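Subject: Structure handover and notes

Hello,

Here is the structure we spoke about, with notes on what turned up in it. The sequence and coordinates come first, and the findings follow.

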Amino acid sequence: MKKAIQILLILLLLPCLARAHDRWTGALRTDMASDLLLTPSLGAEAGCRHVSFAAEWAFAHWGGDSRCWRVSLGEFEARYWLHPEASASTGHHLGIFAMAMSYDIKLGKIGRQNNGPTWGVGISYGYSFPI
């Protein structure tokens, strides 16, 4: 599995390595959907041409005994941009991601809590635009 991840990262980096004069871009970002759910997030993304790598962290610790909203989330994603000719990190993209999170949510008498981190991996599609 570890070797497969290394090979995948090398394949994703090939478009950047093949043209050394390509410019790397970077950005700080936030996820407005999680902000609306009272779970502020902060992320960073760097890439060149068709490929970028993003990391994001979200954290919330609200409430007391009878009501609480405690979420901690970390995510890493490798993205392939379908139309990189536009400005950096805008337009349609496909990606693969890995994440870990923990939560403790109680909005009444019954709540949900995980014991230890919850892990996830998957594929993604998205559309990004500047605000």
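Arg79 and Glu77 are both buried (under 20% relative accessible area; exposed is over 50%, partly exposed in between; 1.4 Å probe, protein chains only). The two form a salt bridge, with the closest N and O atoms 3.1 Å apart; the criterion is a side-chain nitrogen of Lys or Arg within 4 Å of a carboxyl oxygen of Asp or Glu. Through shared partners, salt bridges join Arg29, Glu45, Glu56, Glu77 and Arg79 into one network.

Before the rest, a note on provenance. This is a predicted model, in which local features need pLDDT of at least 70 and side-chain atom pairs count only at pLDDT 80 or more, while totals for chains, interfaces and linings use all residues. Residues are numbered from 1 along each chain as its sequence is written, and side-chain values use heavy atoms, with hydrogens and water left out.

Overall layout

The protein has two helices and seven strands, in the order α-β-α-β-β-β-β-β-β along the sequence. These are DSSP runs numbered from the N terminus: helices are H or I with at least four residues, strands E with at least two. Of the 131 residues, 24% count as buried. Among contacts (heavy atoms within 4.5 Å) between residues at least 6 apart in sequence, 45% join residues at least 24 apart.

Strand pairing

Strands count as paired if DSSP finds at least two bridges between them. Strand β1 (residues 25-29) runs antiparallel to β2 (residues 41-48), with five bridges, and Leu28 stands opposite Ala44 in β2. Eight bridges join β2 to the antiparallel β3 (residues 51-63), where Gly47 stands opposite Ser52. The hairpin of β2 and β3 has two residues between the strands, and Arg49 there takes a positive phi near 50 degrees.

Salt bridges

The count is five. Glu56 pairs with Arg29 at 3.7 Å between the closest N and O atoms. Because Glu56 lies in β3 and Arg29 in β1, this pair ties together parts 27 residues apart in sequence. Glu56 is buried at 16% relative accessible area, whereas Arg29 is partly exposed at 23%. Arg70 and Asp104 also meet in a salt bridge (3.5 Å, N to O). That pair links Arg70 in β4 to Asp104 in β5 (residues 91-106), 34 residues apart. Arg70 is partly exposed at 25%, and Asp104 is buried at 18%.

Aromatic pairs

The whole structure holds two aromatic pairs. Rings of Phe, Tyr and Trp (its six-membered ring) pair if their centres lie within 6.5 Å; planes under 30 degrees apart count as stacked, over 60 as edge-to-face and the rest as tilted. Phe53 and Phe76 have ring centres 6.2 Å apart and planes at 15 degrees, so they are stacked. Phe53 is in β3 and Phe76 in β4 (residues 68-81), 23 residues apart. Trp57 and Phe59 are also stacked, with centres 5.5 Å apart and planes at 10 degrees. Trp57 is partly exposed at 48%, as is Phe59 at 39%.

Surface

Met32, Tyr80, Leu82, Leu94, Tyr125, Tyr127, Phe129 and Ile131 form a nonpolar surface patch with about 930 Å² of accessible area together. Patches take residues with over 30% relative accessible area and no salt bridge, joining like charges within 9 Å and nonpolar side chains (Val, Leu, Ile, Met, Phe, Trp, Tyr) within 5 Å. Tyr125, in β7 (residues 118-128), is exposed at 52%.

Regards

Notes: Accessible areas come from the Shrake-Rupley method with a 1.4 Å probe; for residues, only the protein chains shown count as cover.
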